Structures are given as structure tokens and as C-alpha cells.
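Me: Could you take me through this model by way of some questions and answers, with the cut-offs stated where they matter?

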Amino acid sequence: SQLAVGQRVLVNGKAATVQFVGETKRRDGVWVGVEFKSKHGDCNGSLEGAQYFKCKDGYGAFVRPNNVSKWSQEEEAATAIQSRARGAMQRRKSEYEATFNLGRNMEAQEEKEYLAQKETIAAIESYLKAHSPQDHQRNQHLTRKRKTALLAAPVTEYKDLDLDKLTLRQVSEHFVNKFKQNPNEKLDVGLVRGILFKAYDIISKEVTSAVFHYTVPGHGDGDTRLIIVGDTHGQLEDVLWMFYKYGLPSPTNIYIFNGDICDRGPNGVEIWIILLAFKIACKECVYINRGNHEDPCMNERELHCGGGFARECRQKYGPDTLHQFHALFEVLPLSYVVNKRLMIIHGGLFRSDSVNLPQLAKLQYRRACPEVPRTNEEFAFFDALWADPHNRRGRGISKRGGDCMNWGPDVSRAFLQRNKLDMIVRSHEVPADGRGFQVWHDSRVVTIFSASNYCGTMNNYGGVMILKPNMEFEVFEHWAPDLDELRRLETETQQATKQVASALDRISKINSVKNREDTLRSRKRRQSVDFIGKDVLKKVKELIVERKNDLYWFFQTQDPEQTGTVSTDVFWDGLRDVLGEFVEHNMFVLQQLVGGEAQVGKGGSAPVNFVKFLSRFQVELTGWVERKDFGKEVVMSVFQAILRADLSLREMFALFDRNCSGTVSFDEFREVMESFDLGLSRQQLGPFFRALLGNSADKKINVVEFLSRFDVVFGGHVHSEDAKWIHEVLSGLGKLYLAQCGDDEGESTARTLLDRFEKADTDGNGTLSLTEFVREIQHWKTYLERLGVSPSYLTEDKLFEVAKVVDISGEGSINYLEWIDAFQAVERRGAEGGTSGEWVQSDFGELGESILMVLYRNVICLRRGLQYFDPTSTGTVTLGQLKLACMALASALSKPDPPFSEKQVMVLLSHVGDKKWTESDEICYTALLDSFNIVDRGAPSGMA
């Protein structure tokens, strides 16, 4: 239709008014100049120096007539709705893509941490062999003995099952259908161990080298096929869904599982039981390759750190069953070669061109993957399970870190030519585009990954490759429903089978499967974002606790007024500076954690209370160690040591204060502290010095002020101004008790306090009457007066007042805990007076927390160290062995200094449980290590 100036039109769905129609300087032909109601244009009515009409800048545009449509209110509304819908779809797509990429990055980071920890574990075991050789020899003997016992022939008949005569039908009924109805139903432990024994026997005889050569059988009917399955990672729904879509294993429907069957998901044990039962019933219908998660060390990691199978197996069927699984893993091959043309390997190719199929076949594979590969053979083993392809030529460093490598298309081409192969099928990683497969290197390499919606967060498809005997293949993708949906679909299929012909039934089933998968994927996408968000939050909390000291340093330098707050912009700058690129990659999740007004781009100058924010996040041993008491004792031991070294400290500081400035820098402070055995590691001196500075941003501390801060004072029961004299009495008595401690390390303040308590307890009833307490103080009266305590404070009446204050319970007697509490060493804020326990616990409490954080971050390494003393998997060690394992960890992490000292380990262990320990007492280390937890106390009220 004809366009006229003043006419209302729609341009790209936006309402506009025609202001010009005709030719312009831009190009030949008719142009339409329009003015939008809002800023949707790109000009002010001018074009290439010529003014055709006038409007606000950004409100005008020139378009061709075919981009203009007739305006109507209904059309404008419909277009606006479509535009908003497209925008919402694009935002959701961006969010899903961000979630997917975040999940892949987190997985790479987890495996990077795992590979780094393998070196730590090797160092721990080396330390323990050197410091406890008798345990090493005993462990080797017990391990050999136990392995022999585990592989001894078990009973093979269980009720109506005979494993020697197990059929495919029985596997379907007793295992597939049972777990489909209830995946958490436990089987008889003897049956599970019988399956493991029988499968071990079959596979160890069938597989005799690291490379298994396999020919797809042809049965004449042309229906035989080989189904190659990638990672399943404990996702039972995917395995059962693949069996539903592609059929159960049989002599003509053969499966090869390409490793990583367990870890990360909750049902690795059930998947293994099903696959091994099929292997027993028909060894030609299921084959299993080894992946990097068929590994004891990887299995020991927690579920959220990429492991979980060890904990899952122990909880369901006990430690002996786990050992059987690990024995089975060692007889799995590293590669399959199908019809001499296709290689199936979990990771990929090798860093050396000298590794070909004959060399790989000779590799000593019946062992765990080398934790720290050093020889060519070990690197070939490692690469088979860990390598990834990339699109660049040659080889390169992998994002997984450690010893991992990538290989390029030229490496693939050369390897295939040398070994007369056509293709490599591998798994090991989620395809980058969220599909169930990924093609690499000019179709020479294909990644197959079968765990759909990986870990419940990735929103990816799963895939399989189906191969015919003539080597024709197809790749199929799936999205596994949950088991409830699978059961409903099977019921519908069975009902349809009774009503329609088999051909129609087949079509109905295929269409139903496709529709259900599409519907389920759409429904689960939102959940994926929520799940990955929870994983990221956990990781962020760990990082905040781990880097808390650095965050404090950053914020305090930006807080010269010592308010405990910084602006929103500075707050985020601090997170970015200290936590690194993790902040940028996970900004949307971090903002949920911070909450309040501290949002990027909102109120950049608004204050954020960083002290309250950082104090929210703590690491603790839930149910084992009371965090506050533990931290207090760590600090107390340092203060006591400083008091005992007072004169030496004064003399040493005088040497540093050459210019009589009266201050000491951190470097000077550290050198002095390292001259004394104060129970602080080199790494802990930084936060200790920062705590002494309080909120000051200065990098030096006044010597006199420093020395005046330390004293033995009452532990916090007296708060009123008129009770300062009680502080004076107890402070003086505490000094006298400390003076009784010898120079020998073994003579602790606790021992001295216990001795004095027992001497004061004249009637031997285990508690002190108020009279006994007063007599104890009177015994030291002369010495207290010499220390400057006023005689008026030492009268009998006054001392009974002190006794009543110490008697917290008010029962008229003083128990041992009340006695100890009366003489706790805490930090004194100086001349202002008043108690300072809260200040100590908030600042110096980080010393105790730093030890727990090191143990938390390395709990897998510590577990392996403790397993050194527990070859029969009892779950217990002695306290002395626990201490030695902790020191082995400290030694392994000592680059350049150990993260904690032996004294601090002893303080920690003295707080484990609710009893007094000796080094020969046994402790359940599995429960202890499982209790490590990062807690978020929640955003305090008043936080910006």
C-alpha cells in the first residue's frame, strides 16, 4: 500500500510514524524515514550529512518499504508479546548455556584438584613408610592375606538364584526390574559379593592384556549390533532408559560400556550389579572398559568433588565389597579394538608416538592407574584414561591440570595410519555443545557420553553409538526420565502391545519415547540451573573460608577509619582480587550469596559490613570438635608461650627497633616469632600478626602496645566495672601457675593446673569447696602481693567473693572445668580494661579455623594416610596414628612451610570427641572425616 508522511506503521514490530518517503544519499531506491515513540532507532532524521526530518537522537531510522507493515493495536500488542517471549527465551537460553559451561568448568576444576592431591597422597605414603616402617611391613602382609580371602570361592546359590546357572531372564527379573521399582533396595551382601567374585573370575580369564580384540559376531540374520555406551556416572535412570530404548543385553544386542560407570551419581553400585549379573549370565553380551573413575583414589573423593562411590559402597555393602570392586577394576582392559578397525578407549591417545597397539597390549595394566606417572609405560596408562582431544595441531597441556594432556588431529591421523585403524571412539567428557556425542579430527575421533542431564545440572543429552558387523554405525541421543516416568511408559507400552499389531506398536513406542524425552528435557532445564547454583554456592563458601585471611587484609586496607565496612564496589573488587576468575564466572550465584544491597551496579558507595560477612562462613567438625573452644585453646597456647618468653621477646624487639621508632614490621615480627617455639607455623604468622593489628591498616605494630596486650586474665565471667580487682587476683594467680611450667615441651599448663587442682582438693572428692579454693589463693598470698596485688583484695571475705564468681553453676563448689576456665589465657585490649574474649574469638579464632580448613580441603589425602594404618578396613586407628597421619599431611603440604604444627595437631586431637584420649586409644576415623563441613551462619541482621 502507499506510504504517506504522518502515517502510523510498524517497523520490526515497533510502532512508528512515517516522517519521510523518497530517495536518499544512502543508495538508490525508495527509503522510509520513521520516528519511534522510544529510543529504538539509530539517528535524528539525518543521513550522510543530509537532514530529511527532525527527531530526538536515537529515535529515527531509515528502512526499506518492505520492512514496514500496517499498524493496528492488535498487531502491535501481538508483536510486543512475541518480542517479550523471544527475549525471555533468549535469556533462558543464555542462562542454560552459562549453567552448562559452568558445570564443565567445575568438573575440570574438581579433576584438577584430584590430580594435585594424588601427588600429596604419594608424599604422605612416603612419609609414613619412613616414620612407621613396621606398619608398612604389616600392611603389606595383611593386604596380601586379605586379597586372597576376598578372592576365595564364595557360595554361589542364594534362595532361588544359582550364579553358576544364572539366565538373562533372571537378571531382568531379579536385578533390572527390582532396581527399577526401588533403586535403593539392598540385596543380600553375600549375593553381591558372589556376583563380584564370579564376574572377577570371568573377566580375569577373558581379558589377558590391556588391549582386548573383539569381533562383532554375525548371526546370519543381520540383526546383531554392538552398542557403545559412554560415561554413566552412577545415573541408573540412564542405564535403564537405554535398555528400554535399545533393548536388554543379549547375544545379538551386545553392549560395551566405556568406563566411568560410577562416581558423581547415587547408584553406581546398582549399575555395576546389573552389568556384572548380565556378564555372568551371558559373558558375550556385556563388555566393560576401564575409565579414570574405576580407580580407588578417585572413588574416595566426596560426591560433590567428583567421587562418591567409595562412600556409597561402604554404606550399602561394607568395606570388603568395596575392596572386591577395586580388585575387579584392575582386571578391566584399557582399550577394545573392534573388527580390527575401531578403537574404543576411555580417554584417548598418548604423549609419545612410540605407543602403538602392540606396546599398549604389553603394558602392565593389572594395577591402579599410576598416581604420579613418571615412566613411559606409566604415562601411556595414564593417558589412556585421562587424555582429551583438541583442534590444534600437536599436543598440549589440558585444562584438567596435573599430568593431563590434549592431542590434535595430526596425532590422531598418524596413530590410525600406523595401527591400520579407521576411527577412535572415546568418552571421558561432556561434549562442548551439550549433545550426547562430539565429532573430532575430521570424523576420526568421536566422543560418546551417555549420562544425560549430567549430575542433574548440565542439561545435556546422553548418547550411544550402535555398530553393525559390517562397521556401519549410527549415533543416537536420549534424555533419561526418572524411574517413575519410565515405569509409566513401560506400562503404557505393555497395554498398547495387547491392542495393536506389532508393527504399529513399534511406531507408537518410538513416537512416545521421542515425545516424552523432549517434554522431560524442557521440564528439567530449570532444575538444572538450580542444582548447579547449589554446587557453586558450596564451592564459593569453601573459597571464602580458605582465603578469609587474604580477604580481611584486602578489606582492612580499604577501611582506614576501622569501621568494619567498605563500599559495594570495593567489596566486589576484593572478591575479584582474592578469589580470582571464579568470581567473574559465577557472578549470578555470588550475588545470591551476598544478598542485600551489595549487588554489582547497584549503589556502588553503599557500605557492606565485611567483618559480619566473612564471619558467616566457618569450617567445623560437626559433632566432634567444638569450634570455639578449639580455637580458643590454640590461641591460649600461643599466648602462654609468649608470656613465658617475655624477656627474650623484649630483648629481641629492641634489636629490631634500631631507629627507636617503637614499631616492628611484619618481617621483623616473623623473624622474632620463628626464634621461639610458639606452636605457630610460618603460614599462620600472617593472620596472627593481622589479628594483633585489629582493624588497623598499618603494616607495623607498636612494641609496647604489643607486649601490653598479652596477659593471663579472667576468662570472661566478670563484666562490671567494680569487679576489676577480681581480674587482678586471678591474673596474678595465673602468672604464678604459669611460672611453675618447666621448659620441657611435655610439661603443659594444663598439667600444672591439674596438679594444683588436685593439691587444693584436700578432701579428694573431685571438686573444690569454696573454702578449699580460698585456702589455695591464701597459699600464694605473699607472692601475689609481690606481683602488685593489693592486700585489701586478699582478705578472706574478698577471696570468698572471687570463689563465688568462679563457681559459675552456683552450686557451692568448683569443678575442674570451672577451675580451668578461671585461668584461661586470653588477649587483653590494653589500658581500656574490660573483657576481650569476643575480640579474640573473632580474630584469633581464625588460627584454629585455618587448621580445620587445611584438613577439610585435604580430607581425601588424610583418609588415604589413615588407611595406611588400617589395611583391613576396620574404620579405626589409634590417636597416635591419627597424629602421625596429620603430620604426614603437613609435611606433604610444606611448600615452603607446613600449614600447621605438631603442637596444634595435639590441641585439635585433645578436643576430638567427649573423652580424654591417650595415644593408644582407638578412634573411628571414617566418622571423624565424614563430619567435616562448611557452615553458613546466615546473613546477620544489619548487614548491608
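Me: Is Arg264 buried or exposed, and what is its phi?
Reply: This is a predicted model, in which local features need pLDDT of at least 70 and side-chain atom pairs count only at pLDDT 80 or more, while totals for chains, interfaces and linings use all residues. Residues are numbered from 1 along each chain as its sequence is written, and side-chain values use heavy atoms, with hydrogens and water left out. Arg264 has a relative accessibility of 11% and therefore counts as buried, where buried means under 20% relative accessible area, exposed over 50% and partly exposed in between, with a 1.4 Å probe and protein chains only. Arg264 lies in the loop between β12 (253–257) and α6 (268–281), and its phi, positive in a residue other than glycine, is near 75°.

Me: Which loop holds Lys340, and is Lys340 buried or exposed?
Reply: Lys340 has a positive phi of about 60° although it is not a glycine. The loop that holds Lys340 runs between β14 (335–338) and β15 (342–345), helices (H or I, at least four residues) and strands (E, at least two) being DSSP runs numbered from the N terminus. Because its relative accessibility is 69%, Lys340 counts as exposed.

Me: Which backbone atoms lie 3.0 Å and 2.9 Å from a polar atom of the side chain of Gln235?
Reply: Gln235 lies in the loop between β11 (225–229) and α5 (236–246), and at 10% relative accessibility it counts as buried. Not counting residues up to four places away in sequence, Gln235 touches Ile271, Ala451, Ser452, Asn453, Tyr454 and Cys455, a contact meaning heavy atoms within 4.5 Å. The atom 3.0 Å from a polar atom of the Gln235 side chain is the backbone oxygen of Ser452, and the one at 2.9 Å is the backbone nitrogen of Cys455.

Me: Why are α8 and α9 called oblique to each other, and how do the residues of their contact divide?
Reply: Helix α8 (residues 309–317) and helix α9 (residues 319–329) pack at an angle of about 135°, with their axes 7 Å apart; axes are lines fitted to C-alpha atoms, for helices over the stretch in contact, and angles run from 0 to 180 degrees between N-to-C directions. Angles under 35 degrees count as roughly parallel, over 145 as roughly antiparallel, 65 to 115 as roughly perpendicular and the rest as oblique, and α8 and α9 are therefore oblique to each other. The contact is made by Phe309, Ala310, Cys313, Arg314 and Tyr317 of α8 together with Pro319, Thr321, Leu322, Phe325 and Phe329 of α9. With Ala, Val, Leu, Ile, Met, Phe, Trp, Tyr, Cys and Pro counted as nonpolar, Asp, Glu, Lys and Arg as charged, and the others, Gly among them, as polar, these residues divide into eight nonpolar, one polar and one charged.

Me: How far apart are the end C-alpha atoms of helix α25?
Reply: Helix α25 is mostly covered, with twelve of its 16 residues buried, including Trp725, Leu730 and Tyr737. At 1.5 Å a residue, α25 (residues 724–739) should span 22 Å, which agrees with the distance between its end C-alpha atoms, 23 Å.

Me: How far apart in space are Ala890 and Glu902?
Reply: Ala890 lies in helix α34 (residues 879–892) and, at 1% relative accessibility, counts as buried. Not counting residues up to four places away in sequence, Ala890 touches Pro898, Pro899 and Phe900. Ala890 and Glu902 are twelve residues apart in sequence, and their C-alpha to C-alpha distance is 8.9 Å.

Methods:
Expected span 1.5 Å × (residues − 1). Polar contact = N/O pair within 3.5 Å; in protein donor to acceptor, adjacent residues only side chain to side chain.
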